[in-house]
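These notes are meant for a colleague who is opening this structure for the first time.

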Amino acid sequence: IIGETTNILIDDSGYPGLIIKNSLHGERVISESKVTLIEFFSGNIIQNAVHSTIRRGLTGLEWAGGLPGTIGGAIYGNAGAFGGEMKDLTVEVKSLNLTDQRITNRNNEQCHFSYRDSIFKTNPLEFIVSSILKFRTGDSDVLEKTVKEKIQYRQNRQPLEYPSLGSTFKNVPIELAPAKTVAECQSVIKTDPLPVIPVAHLINEAGLTGQKRGGAMISTKHPNFIVNLGEATSADILQLIELVQKEVFNRFGVALQLEIRYLH
């Protein structure tokens, strides 16, 4: 089951199974007080949710300004940016087991959220139906300004002029990197929301920025993006992924983990 496929690489030979487009849209306000609870269905475009909450004067999701994809995909991968993450907002997630058609409601803790991860990544036969998110009252004008700043930041720093799968690899939590690498990268470590070494820095320092395979290229604007120059195949992208993983490990001793999902 797919949303907007913003982080999915599908093999050129196709996928040996059924692919279903998630079109569960809509939202409903559950409660309004000091904390507002809204249930969003998983097929909702996350930008629609961002602007819907801003119109209501609700704060909590503005870090996602310009983020592509759906609510379901964002929950699945615990999407985050600028120090915010979906786990910070999530109260409950409803999912459907595709094997026995059983509905499960999980609270935040039961979703096992971690850095760009959740229980749903390890349970591929569970389909996220909806999620209840919590918000607090804010100033609509301030929130609108913040969202525009996030969108502008993405436009300035990310190669949005080309098709891509977004961030290819997860940034590296410092506890997963050798002490020597952490010391070497001290000046670029950021909190997102835990201390991480940006993968773009590692790729660039390994001399891989601008590398090409067929129609695919490691972006010169943001090296954690592999862009399609026009005729890229999945094989081209996989070659660059393997190159980056090998060279970054050799240079820094870091085993990069994919943020994208590969269907084959």
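Predicted model: local features only at pLDDT ≥ 70, side-chain atom pairs only at ≥ 80, totals over all residues.

1. T53 belongs to helix α1, and, leaving aside residues up to four places away in sequence, T53 touches I38, F40, L58, L61 and F135. The C-alpha atoms of T53 and R136 are separated by 9.9 Å, although these two residues are 83 residues apart along the chain.

2. How many of the ten residues of α1 are buried? Seven of them are, so the helix is largely enclosed by the rest of the structure. The buried residues in question are I46, Q47, A49, V50, S52, T53 and I54, and they pack against β2, β3, β4 (58–59), α2, β9 and α3. Just after the helix, G57 takes a positive phi of about 75°.

3. Among the partners of α1, helix α3 can be described in some detail. The two helices pack at an angle of about 155°, and their axes are 9 Å apart; since angles over 145 degrees count as roughly antiparallel, α1 and α3 are therefore roughly antiparallel to each other. On the side of α1 the contact is made by V50, H51, I54 and R55, which meet S140, L143, E144 and V147 in α3. The residues of this contact divide into four nonpolar, two polar and two charged.

4. The surroundings of α1 also include the strands β2 and β3. Strand β2, residues 27–31, pairs with β3 in the antiparallel sense over four bridges, and R28 stands opposite E39 in β3. The two strands form a hairpin, with three residues between them.

5. In soluble globular proteins, nonpolar side chains tend to be buried together. Here the largest nonpolar core has 28 residues, and those with the most contacts inside it are L61, W63, I75, M86, L133 and F135. Two or more residues each are given to this core by β3 (35–41), α1 (46–55), α2 (71–76), β9 (126–137) and α3 (140–157), and the largest share, four residues, comes from α1.

6. Within this group, W63 deserves a separate look. Not counting residues up to four places away in sequence, W63 touches A79, G80, A81, F82, G84, E85, M86, L89, K150 and R154. A second, separate core has 26 residues, including V199, L208, V254 and I260.

7. Which strands stand at the edges of the open sheet of three strands? The sheet has the order β11-β13-β12, with antiparallel pairing. β11 (172–173) and β12 (190–191) stand at the edges, and each has a single partner strand, so one side of each is left without a neighbour in the sheet. Two bridges join β12 to β13, residues 195–197, and these strands run antiparallel; K190 stands opposite V196 in β13.

Terms used. Residues numbered from 1 in each chain as written. Heavy atoms only, no water. Core = buried A, V, L, I, M, F, W, Y, C linked by side-chain atoms within 4.5 Å. Buried < 20%, exposed > 50% of the residue type's maximum accessible area, 1.4 Å probe, protein only. Contact = heavy atoms within 4.5 Å. Axes fitted to C-alpha atoms, helices over the stretch in contact; angles between N-to-C directions. Parallel < 35°, antiparallel > 145°, perpendicular 65-115°, else oblique. Nonpolar A, V, L, I, M, F, W, Y, C, P; charged D, E, K, R; others polar. Pairing = 2+ DSSP bridges.
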